[in-house]
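Here is a short briefing to read alongside the model. Please keep the structure open while you go through the points.

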Amino acid sequence: MTMAGGNEVNLNECKRIVPLNTWVLISNFKLAYTLLRRPDGSFNRHLAEFLDRKVPSNSFPLDGVFSFDHLDSTTNLLTRIYLPAPLDPSRHGTVDLTEPLSTTEIVPVLIFFHGGSFTHSSANSAIYDTFCRRLVTICGVVVVSVDYRRSPEHRYPCAYDDGWNALKWVKSRIWLRSGKDSSVYVYLAGDSSGGNIAHNVAVRATNEGVKVLGNILLHPMFGGVERTQSEKRLDGKYFVTVQDRDWYWRAYLPEGEDRDHPACNPFGPRGQSLEGVNFPKSLVVVAGLDLVQDWQLAYVDGLKKTGHDVNLLYLKQATIGFYFLPNNDHFHCLMDELKKFVHSIEECSQSKSSPILLSL
Amino acid sequence: MKRDLHQFQGPNHGTSIAGSSTSSPAVFGKDKMMMVKEEEDDELLGVLGYKVRSSEMAEVALKLEQLETMMGNAQEDGLAHLATDTVHYNPAELYSWLDNMLTELNPPAATTGSNALNPEINNNNNNSFFTGGDLKAIPGNAVCRRSNQFAFAVDSSSNKRLKPSSSPDSMVTSPSPAGVIGTTVTTVTESTRPLILVDSQDNGVRLVHALMACAEAVQSSNLTLAEALVKQIGFLAVSQAGAMRKVATYFAEALARRIYRLSPPQTQIDHSLSDTLQMHFYETCPYLKFAHFTANQAILEAFEGKKRVHVIDFSMNQGLQWPALMQALALREGGPPSFRLTGIGPPAADNSDHLHEVGCKLAQLAEAIHVEFEYRGFVANSLADLDASMLELRPSETEAVAVNSVFELHKLLGRTGGIEKVFGVVKQIKPVIFTVVEQESNHNGPVFLDRFTESLHYYSTLFDSLEGAPSSQDKVMSEVYLGKQICNLVACEGPDRVERHETLSQWSNRFGSSGFAPAHLGSNAFKQASTLLALFNGGEGYRVEKNNGCLMLSWHTRPLITTSAWKLSAVH
């Protein structure tokens, strides 16, 4: 833990950088999460569930979006699906699961993996439910949010397996199809650990010939044994500490493993090369005040080096969790880029690796 | 202070999305400052489940900083007790939640010798709940089976969509390769009923369509059509498996009774059968145990420090709830209080005094665990027949009273003035707590089709949750137990229809306007309920959810029963 004196300076600066209610929100999470993590690596799951703010789905549209939960009884996987409200009010409250989303337009389907460092939150957590609804209305997508199994109760590779099952399920739904060719236009997306899951599910999809149109990684959770510059420089300064990152990796990775395990460090010494494979294009969003950024930037480099299409959105003054509240420019910038990314399907060739740098 | 105001740098996109109780904000331009009224809660945080007054934002931030500093300075142990020993209440209200923790870490200086601890800190005596009777921990893992494919399937014929029903307050979702199980924490109104779809085989939807169409025909008095459909349902049900078959069969039978005006087996007749069925239901699935557990926890907390306590149980039955409470009282620090129990129940068909027998058994237990015990049983056809004068109430300075009702209050709703009378009696009793457990669903709407739809979803979920239960004898009896409720709901009307379930928000309104205020259940009850659930089917599928200080037992994300606790609101 950082020293009291050092804390004071940092807290003040951190408070200046984000709106006050954002600061309160994320600091509250930080506090609660600290209570829940035990030094021996176990996790106070009961208290976590008690503290988590959850919201129900709604089959009647609210603010242009409706949602429902789906349970796959063979895999016991729960997902929450978010759809734009039908224009015709007489169709409110009904879902025609035998019809595609559209026979003329393409409607991208985002499979979303919520964050929480593999340990926290659920698909029905208020912060993520709200975020998914915003994705529907702002970016014009359908969202399938996956309630994957969490650590430490369920370690690697459970989350990835759940992600893979979700992908297969989504791909096989008639009612998620769109476009003239009637297929499911899938993107994988996630923040923090969800971004890590998205990457790994994409790798498996590539290996098994399942088509994914793109990956959206929102300050994805990666790491490694080495301590990078950003980790040293930003440790404890903007809500996150290296110590807590370590805890979550210990909770997720198989016991006895270190952070160079490929799940944590995909392009590290034990990583799998993606050379010559048909990996989907990626949009990687990095928050400039996130201590994990060096690993995220290394990830971007790793993709570029093997010739894959990757757009980097670097938000210099953003902290983690900037996208939970729409009260800042980073949020709007993210939504704009995301929207462009998923609707660019008709454009034939994207220029490879066109990084977008934004200083805010 | 100006710093508390929120500067919106861009248009508000979807800020009042689901979950918010406030109306949509206006769009703010780039340079405008939004002046927020002092009393208002921050809307953006509100949407995310946190209630913080805008005027208090800076103070809340300060508390967060203070806690952080204290955590930084405290040793590992000092911090850990905030997670293990502290009972947390209402984490949505950040101000008070943070305050409680600050008080824990920094107890106020003016503490006299005896008890310097914050009253919210619980000793972990509550493990005593696991040492007795039915709540003894089951060694090893419970048998864990995946829930069967639940059939509410797609119709490949032209009739693809279920029509929304007439009332805007309910709707129907047409599932496709999916069945319907409702779930989730309900914090919104009825018009946004949460829904779960489950994979299933293809024939299920035809069945659901037929059921719905039949109900619609019944509602519009088209009995010829209804009759034809009921027969069709019979054939279709047989082709199903598992939960769907059973649910469909019960609903079909109930519809048939309604169509042919066959009065269903009278609810009043055989209480020994009812009791037996309830025992099996008690064993098979966690619903009753959850109800008892959580209610007992609230009662135990309300009885803290009291030397003489009295529980008035509106739902006595076999008295299954009380051994655990008595054991917890016996193990209480400082010794047990003297415990009085008044059990109320309907008359037995064979005129046996079964309430008396139950009392005797409990007296034996009390003797064994050295708790001073007094018991009185009352027979009443309806709770509305009770008067406070019958209950031999003693002055509240000498005796603390708790009133308990598990799955009984809704039965009063079919009788004019029924619930009001009972509330009146409860207020005369002046209990320190009134624990109530009810089914979490609206089966009491004015439109038959709506009730039918809601209950179809509800019981489908309930039956699906039973599929994982190991013992087939218990399971069958549980299904019969639930089947009787379905029959009453669908086939009866007027005062005969007693299964008039309502949701927490409906009950909250009733309690609120009758002079009761909520007494929140805390993280302790939550944790113990969660632990209890883990004993059933490995906990697979069952969840405890918190909702406005009440606890709900859900199957996946669909809440099925709710435990709430109430106290008299301050008079004058």
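Predicted model: local features only at pLDDT ≥ 70, side-chain atom pairs only at ≥ 80, totals over all residues.

**Strand β6(A) and its neighbours**
- β6 of chain A spans residues 214-218, and five of its five residues are buried.
- In a regular strand, side chains alternate between the two faces of the sheet.
- On one side, β5(A) runs parallel to β6(A), joined by five bridges, and A:L188 stands opposite A:N215.
- β6(A) also runs parallel to β7(A), residues 281-287, again through five bridges; here A:L218 stands opposite A:V285.
- Together, β5(A), α6(A) and β6(A) form a right-handed β-α-β unit.

**The annotated residue A:S192**
- An unreviewed UniProt entry carries the annotation "active site" for A:S192.
- A:S192 sits in the loop between β5 (186-191) and α6 (193-207) of chain A.
- With a relative accessible area of 10%, A:S192 is buried.

**Helix α15(B)**
- In α15 of chain B (residues 504-513), B:L504, B:Q506, B:W507 and B:F511 are buried.
- These four lie on the same side of α15(B) because they cover an arc of only 160° around the axis.
- Exposed B:N509 and B:S513 are on the face turned away from the buried side of α15(B).
- Among the elements covering the buried residues are α12, β9 and β13 of chain B.
- Just after α15(B), B:G515 adopts a positive phi of about 95°.

Key. Residues numbered from 1 in each chain as written. Chains lettered and ligands numbered in written order. Heavy atoms only, no water. Buried < 20%, exposed > 50% of the residue type's maximum accessible area, 1.4 Å probe, protein only. Helix = DSSP H or I, 4+ residues; strand = E, 2+ residues; numbered from the N terminus. Arc of directions from axis to C-beta. Contact = heavy atoms within 4.5 Å. UniProt positions renumbered as here; feature names shortened; annotations may be inferred. Pairing = 2+ DSSP bridges. Right-handed = clockwise from strand over helix to strand, strands pointing away.
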